[in-house]
Amino acid sequence: MENELTVRELFELQQKLQNTMFQVETPVDSVEDFKYSILALIGELGEVLDADRRWKNIRKGAYNREAKLDELVDCMAFLLNAILFSGYSAEEFEKEFKKKNTKNFIRYYDEVKKKRKTNDSDC
């Protein structure tokens, strides 16, 4: 599809923003900037929950779809910052994400097999 961003392009956009706003070349291993990014991410996650309160068990609250998306984008930006300020490149992240995703699929299918075996032996 047109106008889709790749992971690499997301990284590049965030790197350009950090460089423009703070004259910081990333990726770079910066404990202070990493810590700030994680703390900001935690705050933004709270704002996501505020935008969509349907998760509450009691007194289910409002849902603002546009505000939720805006806050999720903020979360992604701060997560990218945390990655960049840990010294990881887009290429490293992509490679590790693919590896981890494959591992999670294998783990899931192994669990499904175990459940089937258990259910078959119960009969």
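The second largest pocket of this predicted model holds about 150 Å³ of space.

**Second largest pocket**
- By class, the lining of the second largest pocket has 8 nonpolar residues, 1 polar residue and no charged ones.

**Gln14**
- Gln14 sits in helix α1, which covers residues 7-22.
- With a relative accessibility of 9%, Gln14 counts as buried, because that value falls under the 20% cut-off.
- The side chains of Gln14 and Asn81 make a polar contact at 2.9 Å.
- Setting aside neighbours within four places in sequence, Gln14 is in contact with Ala77, Leu80, Asn81 and Leu84.

**Largest pocket**
- In the largest pocket, 13 residues form the lining, and Gln18, Phe22, Tyr36, Phe78 and Asn81 lie nearest its centre.
- Asn81 therefore links two topics here: its side chain makes the polar contact with that of Gln14, and Asn81 is among the residues nearest the centre of the largest pocket.
- Helices α1, α2 (31-51) and α3 (65-84) each supply at least two residues of the lining of the largest pocket.
- Helix α1 gives the most to the lining of the largest pocket, with 5 residues.
- The lining of the largest pocket divides into 8 nonpolar, 4 polar and 1 charged residues.

**Aromatic rings**
- The structure holds 5 aromatic pairs.
- In one of them, the ring centres of Phe93 and Phe97 are 6.2 Å apart and the planes stand at 35 degrees, so this pair is tilted.
- Phe93 and Phe97 both belong to helix α4 (residues 90-122), and because they are 4 residues apart, about one helical turn separates them.
- At 29% relative accessibility, Phe93 counts as partly exposed.
- Another pair, Tyr108 and Tyr109, is edge-to-face, with 5.1 Å from centre to centre and 65 degrees between the planes.
- Tyr109 has a relative accessibility of 45% and so counts as partly exposed.
- Ring pairs also join Phe11, Phe93 and Phe97 into a cluster.

Note on methods. Residues numbered from 1 in each chain as written. Predicted model: local features only at pLDDT ≥ 70, side-chain atom pairs only at ≥ 80, totals over all residues. Heavy atoms only, no water. Buried < 20%, exposed > 50% of the residue type's maximum accessible area, 1.4 Å probe, protein only. Polar contact = N/O pair within 3.5 Å; in protein donor to acceptor, adjacent residues only side chain to side chain. Contact = heavy atoms within 4.5 Å. 1 Å grid on protein atoms, 1.4 Å probe; cavity = no way out; pocket = protein on both sides within 12 Å on 5 of 7 lines; lining within 4 Å. Nonpolar A, V, L, I, M, F, W, Y, C, P; charged D, E, K, R; others polar. Points joined across faces, edges and corners; volume = space filled by probe spheres on them. Phe/Tyr/Trp six-rings, centres within 6.5 Å; stacked < 30°, edge-to-face > 60°.
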